[in-house]
Amino acid sequence: MDERRYISVILPLKLEWEPSYYVSSEEDIRIGDRVRVMFAKRTYMGVVSETDRKPDIEAARILPALEIVRDMERVLPEEIALWRQVAEYYLCSVGEVYKAAYPAEKVNIEEARAAAIARTEQRRERIAEGIRVKIEKLRLRLDKKQQLAQKTKDGTKSKAVLIKDIEKITEEIRLSESALEAALKSVSAVRTVQGLPQMPDRGLELTRAQEDAFCQIKKGFEEAKPVMLHGITGSGKTEIYIRLAKEAIGKGKNVLYLVPEIALSRQLENRLREHFGERMMTFHSGETAASRRDTADRIRSLKSADAGSYLVLGTRSSLFLPHHNIGLIIVDEEHDGSYKQESPAPRYHGRDTALMLSVLHRSAIILGSATPSLEEMYNCLTGRHMLVELRERYHGAGSSDVEIIDTNAERRKNGMTGSFSRKLIAHIDNTVREGGQVLILRSRRAWAPAMQCEGCGEIQKCPHCNVSLSYHKGRNAMVCHYCGYTASYTGTCVKCGDRLKGLGAGTQKIEEEAAALFPHARIARLDSDTAQSGSNAREIIRRFEKGETDILVGTQILAKGFDFSRLSLVAVVAADTLLGVQDFRADEKAFHLLEQFRGRCGRRDRKGLFVIQTSQPEHPIYKRIIENEAGTFYGQLMIERKDFNFPPYSRIIEITVRDNYEDRAERMASGLAEMLKESIGHQVTGPYTPVVDRIADCHLRKIRISLKKDRFLKTAKMRLKESVKSFEKKSGYDGHITLDVDPS
Ligand code: ADP
Ligand code: ZN
């Protein structure tokens, strides 16, 4: 009888265990190999997580692996190690992380494999074509030189130079031809021949303050501590990252540069390209699946080829690339909420996962922000991370002046025209007249965030969600921002047929108002509606950068890392919406956002003006912004969090129950909460009904667990997961409950 080898396999499923299969003992099979297997009557592409294991069930019941897929790349041990850590921390299955890391392969195996083969072919062809073109060019150059040489007199200096050139080009052609031959044979071979091109030679001088920070950072790295770089906008954090990255690459190490959102960070991309050239790759969800796979393949092939190090600029998903030999991880804008994945599992945070990755690779890691998260401040307070500060701007100018405008008072004096106060109108007028640029910020997109009936007062709601529909004028549509439901706009109430009026103004309406108020100004709008295609967004930014637009209206998308040299006025037209949210992080988030907005203006040698229109001018947050006293504000928030035992002093896990039937959602959530209260105790709050309690026909109920941050935390989390699992099993309630660790 044929001998068997037993293997464990990770499947792309919400499955807590790794089932066993067998292969013939002759097979060369290793951890990370892809295998095609049957599970619950369906075939999946799995990843071998263990070989030669003793099966824990009867051998007769173990199925054979259908195939070891040799034409797909092997998953690296470092990748699997990260999956396991993420799964453990975020209370999900390893398979769910695998699915997130290899999204293309979850459904159709044949397609995935065909694509893998096609990709190799395409890459081979592309490389070959590149070399052919190069050879062609070299030949032309050679021809010219030879002709020139024939016309030049022997024995002269120029003749000698020409002969040398000819020799050089001939040698280059010879090398390229052998590279072409190799390329036609195999892709990995050509990588070794070609390698990565040299980095462009571009100087970088740090200022004294930056140099100091740089030395402190290196000290932190030597102590194997993560470093938190707290530097005001424009202080040169990016310059420091570049310097650190260059050093790492110089030492033959790889670099991962994480940003919260990439679609709009063209400025950063260009800046890095100048320093890293072809060694830089980008990776984010806006790229095509093929291009992302290509980047993954390139990174993987660099491991075997030993052809030089790379820098990846990417969003959180780039953490799951087949990284190897990482020397440095940079987490830019670490406070940014978009680092957190809301759905589906793994609900991971990019910054915290980056910290795990750095431990796995024993790499240095630097987190940076102008407005650090309280979590990071806490880590620095406890000494786990090292805090390094940069207090001055590179381009001299001090931080901008702040003016708070009380919209209620203005309204009483008849000083409001739509969303604009008289004072703000005057500021905008002056700025535009002097050739400066203006940014107007509003956190709601659409024309109006809600429409109300003038007759019966009914607010028009989404039929599938408990939220109001937004009116999008251009599309003449009512749209739900939660589920995407769209109905054409009739202008009349669904209940009584009376006329509708807008409640509040979204970016679209603000743009309209601005156009009426400032007829001579060139105005554009940037929000997720106009930024739907990345290229459109880039174009809007480019035009603003070039000074082809005077006023740009937009949402918080604009808070992120832009540097507009002619921007001198930034205005938040209705800051109240930033404060109103029922959430213990609301103040922190509002503070971050306002500080980031402020950071956008007056970046060069000119001092800028930051205007905030609000109906609650007495809110303490504004005082801090005016006094430029981040320290005090952080101190206060920190005390509040401690008193109420909120993060970072505790860890929160949020449980969500989703059900098409409201009564069942309510019943199950109560049952679960009760059971958890019994098993875990008083740290359980709920169930409660969230503000938006129905999304896409699903009724929602939430339970919050707050856990102490002590050495029992891990066990407590595991116990919680077990409890939820057993509740699901007992009540036959699979697929309705999700766990979110560190909800945003
Ligand atoms: P941050 O990332 O902290 O917002 P940046 O690195 O973007 O700051 O620096 C702000 C501006 O100052 C950029 O235009 C940058 O090119 C310039 N700058 C900062 N430091 C230097 C330096 N040492 N040499 C030249 N330019 C610098
Ligand atoms: Zn909806």
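Guide: What follows is a close look at the zinc site, then at the cysteines. Keep in mind that this is a predicted model.

Start with the metal. The zinc ion (ligand 2) has four protein donors: Cys462 (SG), Cys465 (SG), Cys480 (SG) and Cys483 (SG). These donors lie 2.3 Å from the zinc ion. Along the sequence, the donor residues follow the spacing C-x2-C-x14-C-x2-C.

Now the geometry. The angles subtended by the four donor atoms around the zinc ion (ligand 2) run from 106 to 113°. The arrangement is therefore tetrahedral, because four donors count as such if all angles lie between 85 and 135 degrees.

Next, accessibility. Cysteine 462 and cysteine 465 are both buried. For cysteine 462 the relative accessible area is 3%, so this residue falls under the 20% limit for buried.

A search of the whole structure finds zero of them. Cysteine 496 is in no disulfide, and its nearest cysteine sulfur belongs to cysteine 453, 3.5 Å away. The cut-off for a disulfide is a pair of cysteine sulfur atoms within 2.5 Å. Cysteine 496 has a relative accessibility of 43%, so it counts as partly exposed.

Last, the chain as a whole. The protein chain is divided into five parts: domain 1 (4–107), domain 2 (114–193), domain 3 (208–390), domain 4 (401–447 + 505–640) and domain 5 (650–741). The centres of domain 1 and domain 2, taken over C-alpha atoms, are 44 Å apart.

Key: Residues are numbered from 1 along each chain as its sequence is written. Chains are lettered from A and ligands numbered from 1 in the order in which they are written. This is a predicted model: local features need pLDDT of at least 70, side-chain atom pairs count only at pLDDT 80 or more; totals for chains, interfaces and linings use all residues. Side-chain values use heavy atoms; hydrogens and water are left out. Domain bounds come from an automatic or database domain assignment. Donors are N, O and S atoms within 2.8 Å of the metal (3.2 Å for Na, K and Ca); water is not among the atoms, so sites may look incomplete. Four donors count as tetrahedral if all angles lie between 85 and 135 degrees; four count as square planar and six as octahedral if opposite donors are over 155 degrees apart and all others between 65 and 115; anything else is irregular. Buried means under 20% relative accessible area, exposed over 50%, partly exposed in between (1.4 Å probe, protein chains only).
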